[in-house]
Amino acid sequence: MQTTHQDMQATHLGRSLRHDLQQAPGFSALALLLAILGSVVGTVITASFGSGQWGALAGAAIGPVISTTFSTRRTGETGRVRSATIILLSAGALLMTVTGFTFADQLAGKSVLPGAHQRPGTFFPVGPGTPSATPAVTPSGSGTAAPGIQVQPDPLDCGTAAVGADTTCAQPVTITSTGAGVLRITSIDVIEPDGQDFTASQDCIGTLDPSRTCDVQIGFQPAAAGRRQATLVIHQNLPRPDQGTKITLTGVGDGGPSPSPSPSPSPSPSPSPSPSLSPSLSPPPGL
């Protein structure tokens, strides 16, 4: 019986709130239009500060709340009627704003927000197959401009250096952002076979806008004489299955002049034996 009584009371309260909303002057078509206007203004303002899609969505949600808060105060709603009016009008305005911008983005193939033409969409990325889809997109079809990279020279010859001497290669490795999107360098490594003989500066880790360049300085400190070789790996945000951009590094370790061989002593000539004189016997004269 108690549960039935509570259900009846809740039903009565719901009917009463619905009746109060119908009679409330702040719950009207004009109030909904003002809430939609507040949602659009909130979206545009957040976009002007360079916010992303989540920032635009937050602006679209906050705008109608502010608008309906002031409109219900002006019309005199209080208590639960005012709270319900703010929630319902804000939710309706948000839904209509997101739907309208998304439909316009699909037709334009990009965000229609002023100053945000490079964004793939106001609230959601524009899907593939739209009439004005940009050609530079990732293979996944998300609509985002794809980055590109060019690295020179390849290979890089660091010349000859004395074993153990810490030198800098005469020419750096130049990274150029060649794509339509922003190139992001996440790490730079030097690997085998003689990776311990080469070092790479980390100044280029970060982002490179299209057509911008950055130089990686290469150090060479050969640990042994002879030809030395390693691989420079530049990890970036190119679409998979890219495993990093690789450059061959070469150099020669100089172990110094080789010692000249000491002359071997020439053997002294052994004295030749003098011929022995055997006595000759001559017969006496007259015989």
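Leaving aside neighbours within four places in sequence, Val112 is in contact with Phe101, Ala104, Asp105 and Thr122, where contact means heavy atoms within 4.5 Å. This is a predicted model, in which local features need pLDDT of at least 70, side-chain atom pairs count only at pLDDT 80 or more, and totals for chains, interfaces and linings use all residues. Residues are numbered from 1 along each chain as its sequence is written, and side-chain values use heavy atoms, with hydrogens and water left out.

**Val112 and helix 4**

- Val112 is found in the loop between helix 4 (79-108) and strand 1 (149-152); helices (H or I, at least four residues) and strands (E, at least two) are DSSP runs, numbered from the N terminus.
- Val112 has a relative accessible area of 36% and is therefore partly exposed; buried means under 20% relative accessible area, exposed over 50%, and partly exposed in between (1.4 Å probe, protein chains only).
- Val112 and Thr122 are 10 residues apart in sequence, and their C-alpha atoms are 7.2 Å apart in space.
- Helix 4 has 30 residues and reaches 44 Å from its first C-alpha to its last, close to the 44 Å expected at 1.5 Å a residue; the expected span is 1.5 Å times one less than the number of residues.
- The buried residues of helix 4 include Val81, Ala84, Ile86, Leu89, Val98, Phe101 and Asp105.
- An α-helix has 3.6 residues a turn, so residues three or four places apart point the same way.

**Disulfides**

- The structure holds 2 disulfides, a disulfide being a pair of cysteine sulfur atoms within 2.5 Å.
- Cys158 is joined to Cys169 with an S to S distance of 1.9 Å. This pair links distant parts of the chain, 11 residues apart: Cys158 is in strand 2 (residues 156-162), and Cys169 is in the loop between strand 3 (167-168) and strand 4 (173-177).
- The link of Cys158 and Cys169 is right-handed, with 90° about the S-S bond, and both Cys158 and Cys169 are buried.
- Cys204 is joined to Cys214 with an S to S distance of 2.0 Å. This pair also links distant parts of the chain, 10 residues apart: Cys204 is in the loop between strand 6 (198-200) and strand 7 (206-208), and Cys214 is in strand 8 (residues 213-216).
- The disulfide of Cys204 and Cys214 is left-handed because the torsion about its S-S bond is about -95°; both Cys204 and Cys214 are buried.
- When the bonded cysteines of the protein are numbered in sequence order, the pairing is 1-2, 3-4.

**Backbone geometry**

- Most residues other than glycine have a negative phi, and most peptide bonds are trans.
- Asp154 and Pro155 are joined by a cis peptide bond, with omega about 5°; Pro155 is in the loop between strand 1 and strand 2.
- The peptide bond from Glu192 to Pro193 is cis, with omega near 10°, and Pro193 is found in the loop between strand 5 (183-191) and strand 6.
- Ser211 is not a glycine, yet it has a positive phi of about 75°.
- Ser211 is located in the loop between strand 7 and strand 8 and, at 63% relative accessibility, counts as exposed.

**Strand pairing**

- Two strands pair if DSSP finds at least two bridges between them.
- Strand 2 and strand 11 (residues 245-254) run parallel and are joined by 5 bridges; the bridge partner of Thr160 in strand 11 is Val252.
- Strand 10 (residues 226-236) and strand 11 run antiparallel and are joined by 9 bridges; Gln229 stands opposite Thr250 in strand 11.
- Strand 4 and strand 8 run antiparallel and are joined by 4 bridges, with Val173 opposite Val216 in strand 8.
- In a regular strand the side chains alternate between the two faces of the sheet.

**Asp197**

- Asp197 lies in the loop between strand 5 and strand 6 and is buried, with a relative accessible area of 2%.
- Neighbours within four places in sequence aside, Asp197 is in contact with Gly219, Phe220, Gln221, Pro222, Ala223 and Arg228.
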